[in-house]
Amino acid sequence: MPASDTVPVPDDPRRSAVDRVMQRHRYDRDALIEVLHVAQETFGHLDRQTLAHIARELSLPPGIVYGVATFYHFFTLEAPGEHICGVCRGTACHIKGSGKILSAIEERFGIVAGQTSGDGRLTVVAPRCVGNCVLAPLVLLDGEDVKVDSPAAAVALIEELLSKGEPT
Amino acid sequence: MNASDLEKLALHEAGRERRYCLRISICMGSPCMAAGAAAVKTAIEELIDRHGAAADIRVVGTGCVGPCSRGPILLVVTRDGTEYRYERVTPPAAAALVDRFLNGDVAPTERLLPADLPFFTGQTRLVLANCGYTDPERIEDYIARGGYQSLSRAIHHLSPEAVCEEVTRSGLRGRGGAGYPTGVKWELVRKASGSRKYVVANGDEGDPGAYMDRTIMEADPHRVLEGMALAGFAVGAEQGYIYVRGEYPLAAARLRQAIQTAERLQLLGGRILESRVNFRIDLRMGAGAFVCGEETALLASVMGRRGHPVTRPPYPAQRGLRGCPTLINNVETFATIPTIIRYGWEEFASVGGPGNSGTKVFAICGDLVNAGLVEVPLGTTLRQIVEEIGGGVTGGAFKAAQTGGPSGGCIPAGHLDTPMDYEQLKALGSIMGSGGLIVMNDQRCMVDVARFFIGFCQDESCGKCVPCRAGTVQMGLLLDRICSGLASACDLEQLEELCHLLQETSLCGLGSAAPNPVLSTLRHFRDEYEAHVMDHCCPAAVCNMAATEAACQP
């Protein structure tokens with residue numbers, strides 16, 4: 001379950017950002033992906049209420065909106081954890097051992113790519129090439145590209161990241 | 001703004017540039033940023049402020065300078081035009097460097113990259129000509145270097161037919177991978193009936209290991225926009241879309257800003273340069289789907305739908321966006337157009353070889369000394385790229401170079417002297433692709449590489465047609481068996497059969513090209529497959545053979 005403050009209620013002020021982008025595109029259905037981008041940026045993920053709201057405003061069947069939201073890798077229907085760690089699986093990263101890095105992370109934190117840890121602190125994702133191949137093998141720590149030397153180093157970096165925000 | 005205002009602005013800006021006694025460029029490409037380029041820029045700016053020399057020195061955050069693995073890169077240009085490139089600069093080192101330039105000392109040699117480094121001398125930069133020199137967020141920088149002059153010339157002095165003709169005669173071929181003659185495509189759209197036409201730039205660079213388009217969009221957004229506007233003029237379209245991969249937010253932001261400024265200066269939008277030509281460009285963000293690189297899937301995505309491809313014909317040139325004739329070209333193709341119109345087709349065709357004119361940008365990475373972005377004439381040999389420009393292989397001897405991403409293949413050491421052009425690569429079972437070139441040393445397992453690509457296609461299959469959706473899964477299972485040493489000769493046979501089935505029956509390019517990495521590795525490295533199957537052993541000791549009893553003897 002997402003934390004209660006991320007569930008938008010109909011009069012959520014954050015929804016106005018989504019409404020504004022729809023208005024800017026004159027409620028054109030072609031702009032659906034643009035609208036979903038803004039919605040995800042605003043709320044962190046796309047929940048049912050938001051999808052239903054967008055479908056209504058753009059006069060699209062809810063199934064179409066849901067279909068688009070689930071087709072593209074970038075969109076997520078679940079709230080991500082506090083920190084997001086991505087292990088790039090591009091070609092250069094693969095030959096330099098990204099598979100082992102991902103396995104080590106999955107083993108250490110007990111979740112597989114695409115999941116969030118039980119305490120909601122860490123989400124692990126495995127994007128296909130972030131286009132920064134000279135840093136291979138690389139991990140993304142909250143969006144920042146970092147070159148790692150070994151699976152153990154990657155795990156240590158995440159542990160460090162998690163310890164930062166921990167209540168003392 | 002009209003044509004003469006544009007020229008005046010260009011002259012004014014160029015004059016301003018000449019007055020600086022020192023121009024310092026800091027590469028702000030993603031790899032350099034990750035290496036700390038932003039802090040380097042701040043350190044330099046602080047130093048210049050302390051010296052009170054801000055009026056005489058220009059500090060620019062630019063697009064990719066090239067040797068990304070040596071970042072952050074600093075480029076210093078003195079008043080006489082001499083260029084000094086420094087590698088791996090840290091904020092204190094950068095401050096010390098600039099300090100010495102300010103004091104009029106001899107140029108420091110520490111961290112200096114030699115001017116005759118093959119990485120630089122081996123390149124011909126047409127598309128990347130501005131990378132390292134201009135501020136991507138300042139349209140004036142682009143104009144000072146001749147930007148939008150091609151558009152102005154075309155609109156005022158050329159007919160749409162003449163522009164198409166120029167592109168056709170230049171011999172430019174699609175830089176997205178397939179190599180279809182660009183001029184022929186333009187001509188088709190120009191002649192297509194219908195009052196509404198569209199121009200779409202494909203910036204959905206999905207190949208893993210490729211980041212040329214990202215760099216072009218981030219470093220020189222106006223070049224792409226000018227190319228699109230020229231296309232719009234040539235084919236008779238008044239609306240363009242640039243489709244940017246969802247993973248590239250910086251490229252999208254730069255392009256949005258560039259579109260706005262260009263519109264403000266009347267270089268895009270209504271009545272361009274006070275002529276009767278209109279051309280608007282809207283940006284569309286992708287959201288992570290490799291299949292959207294396929295043109296019909298891309299059009300569906302531009303219209304906000306799921307990226308499902310449809311059968312061709314009709315081709316987008318006949319029936320594309322909203323049923324109207326649509327010209328789709330890759331970002332790099334559009335970025336090449338201003339150069340062709342500006343210098344003429346003869347000049348462009350003189351670079352490269354017959355049937356393969358011009359240059360191609362490659363993202364070279366993997367087991368290589370100098371990884372980064374390079375632009376070379378088509379027909380440059382793989383050996384030149386790997387050994388001279390790339391500085392040689394690290395961690396072992398050269399084994400293979402992978403081109404064309406999941407639709408391409410591997411080129412083995414025996415073919416290092418192959419000229420990199422569309423036909424030669426195809427003959428070797430690979431493709432040019434968008435330009436990713438991953439070099440692998442002899443510690444890498446080619447079966448594992450094939451399995452990696454099939455896994456990729458499996459994830460990215462849109463699921464519309466069965467051969468691709470189910471075939472890639474079956475191929476993946478077979479490759480898993482091979483890589484764990486559990487496969488039999490019969491599995492290998494079945495794998496080959498599936499390859500041909502996918503090639504012949506898939507709906508779109510994703511499925512029909514998915515077997516290429518397997519077929520090309522089977523062709524050039526069959527002995528490795530056989531070692532996995534017959535001897536239950538991975539010669540490169542990459543695959544985990546724990547499942548079999550046979551001991552691995554690399």
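Reader: Which residue of chain A forms a salt bridge with B:Arg256?

Author: This is a predicted model, in which local features need pLDDT of at least 70, side-chain atom pairs count only at pLDDT 80 or more, and totals for chains, interfaces and linings use all residues. Residues are numbered from 1 along each chain as its sequence is written, chains are lettered from A and ligands numbered from 1 in the order in which they are written, and side-chain values use heavy atoms, with hydrogens and water left out. A salt bridge is a side-chain nitrogen of Lys or Arg within 4 Å of a carboxyl oxygen of Asp or Glu. With the closest N and O atoms 3.9 Å apart, the partner of B:Arg256 is A:Glu34.

Reader: How many salt bridges are there between chain A and chain B?

Author: Contact means heavy atoms within 4.5 Å, and 51 residues of chain B are in contact with 30 residues of chain A. Between chain A and chain B, the count of salt bridges is 4.

Reader: At what angle do the axes of helix α18 and helix α23 of chain B cross?

Author: Helices (H or I, at least four residues) are DSSP runs, numbered from the N terminus. Axes are lines fitted to C-alpha atoms over the stretch in contact, and angles run from 0 to 180 degrees between N-to-C directions. Because 65 to 115 degrees counts as roughly perpendicular, α18(B) is roughly perpendicular to α23(B). The axes of α18 (residues 446-460) and α23 (residues 526-534) of chain B come within 8 Å and cross at roughly 90°.

How values were computed. Helices (H or I, at least four residues) and strands (E, at least two) are DSSP runs, numbered from the N terminus. Angles under 35 degrees count as roughly parallel, over 145 as roughly antiparallel, 65 to 115 as roughly perpendicular and the rest as oblique.
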